[in-house]
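Biologist: Hi! Could you walk me through this model in plain words?
Modeller: Happy to, here it is.

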Amino acid sequence: MPIYEYRCNKCRRRVTIFWRSFSEIGEALPRCSFCGGEDLTRLVSRVAVAKSEESHLEDLADPSSLAGLDENDPKSMARWMRKMSREMGEDLGPEFDEVVDRLESGQSPEEVEEAIPDLGGEPGAESEF
Ligand SMILES: [Zn+2]
């Protein structure tokens with residue numbers, strides 16, 4: 001369950017998106033969980049530049065750096081998510097902490113998503129299109 005931060009170009013809010021898998025990132029469009037807009041700019045590179053640790057953060061964004069990450073092992077994912085959060089130097093908010101806590105307690109990503117209905121956008125708001 002990779003996590004990326006985006007800036008919505010429509011409502012200008014920061015959006016954290018929890019992807020189910022790395023393959024989904026290449027297939028699905030990120031969508032703003034506030035306004036439903038699909039014009040999102042990924043923030044990871046901007047954070048990297050700000051911290052002058054570009055190569056380090058690029059390593060994190062590179063799937064090959066996920067050696068040791070077992071997506072079928074919630075505890076392994078929780079460790080990786082904490083590491084990523086630390087490397088980014090950002091507080092990803094209480095929702096992120098709750099996800100990690102639940103993964104560490106052994107819940108599967110599916111169970112976590114059911115337990116936190118707002119996760120992954122689609123907050124039940126009707127599309128404004
Ligand atoms: Zn938006």
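Modeller: We can go through the overall layout, the metal site, the sheet and then some single residues.

Biologist: Great. What kind of model is this, and how are residues numbered?
Modeller: It is a predicted model, in which local features need pLDDT of at least 70 and side-chain atom pairs count only at pLDDT 80 or more, while totals for chains, interfaces and linings use all residues. Residues are numbered from 1 along each chain as its sequence is written, and side-chain values use heavy atoms, with hydrogens and water left out.

Biologist: How many helices and strands are in the chain?
Modeller: The chain has 6 helices and 3 strands. Helices here are DSSP runs of H or I with at least four residues, and strands are runs of E with at least two, numbered from the N terminus. Along the sequence the pattern reads β-β-α-β-α-α-α-α-α.

Biologist: And what share of the residues is buried?
Modeller: Of the 129 residues in the chain, 37% are buried. Buried means under 20% relative accessible area, exposed means over 50%, and partly exposed is in between, using a 1.4 Å probe and protein chains only.

Biologist: On to the metal. Which residues are the protein donors of the zinc ion?
Modeller: They are Cys8, Cys11, Cys32 and Cys35, each through its SG atom, lying 2.3 Å from the zinc ion. Donors are N, O and S atoms within 2.8 Å of the metal (3.2 Å for Na, K and Ca); water is not among the atoms, so sites may look incomplete. Along the chain, the donors follow the spacing C-x2-C-x20-C-x2-C.

Biologist: What is the geometry of that site?
Modeller: The zinc site is tetrahedral, with angles of 104 to 115 degrees among its 4 donor atoms. Four donors count as tetrahedral if all angles lie between 85 and 135 degrees; four count as square planar and six as octahedral if opposite donors are over 155 degrees apart and all others between 65 and 115; anything else is irregular.

Biologist: Where do cysteine 11 and cysteine 35 sit?
Modeller: Cysteine 11 is in the loop between β1 (3–8) and β2 (14–18), and cysteine 35 is in the loop between α1 (22–27) and β3 (40–42). The pair is 24 residues apart and links distant parts of the chain.

Biologist: Is cysteine 35 buried or exposed?
Modeller: Cysteine 35 is buried, because its relative accessible area is 15%. Cysteine 11, at 26%, is partly exposed.

Biologist: Now the sheet. What is the strand order?
Modeller: The open sheet of 3 strands has the order β2-β1-β3, with antiparallel pairing. β2 and β3 stand at the edges with a single partner strand each, so one side of each has no neighbour in the sheet. Two strands pair if DSSP finds at least two bridges between them.

Biologist: How many bridges join β1 to β2?
Modeller: There are 5 bridges joining β1 to β2. Isoleucine 3 stands opposite phenylalanine 18 in β2, and tyrosine 4 stands opposite isoleucine 17. β1 and β2 form a hairpin with 5 residues between them.

Biologist: Is glutamate 5 buried or exposed?
Modeller: Glutamate 5 lies in strand β1 and counts as buried, because its relative accessibility is 2%. Its side chain makes polar contacts with the side chains of arginine 14 at 3.1 Å and threonine 16 at 2.4 Å. A polar contact is a pair of N or O atoms within 3.5 Å; within protein, one must be able to donate a hydrogen and the other to accept it, and residues adjacent in sequence count only if both atoms are side-chain atoms.

Biologist: Last one: which residues touch the most other members in the largest nonpolar core?
Modeller: In that core of 15 residues, they are Phe18, Met81, Phe96, Val99 and Leu103. The largest share, 6 residues, comes from α4. Another core, of 9 residues, lies apart from it and includes Tyr4, Cys8, Cys32 and Leu40. A nonpolar core is a set of buried Ala, Val, Leu, Ile, Met, Phe, Trp, Tyr and Cys residues joined through side-chain atoms within 4.5 Å.
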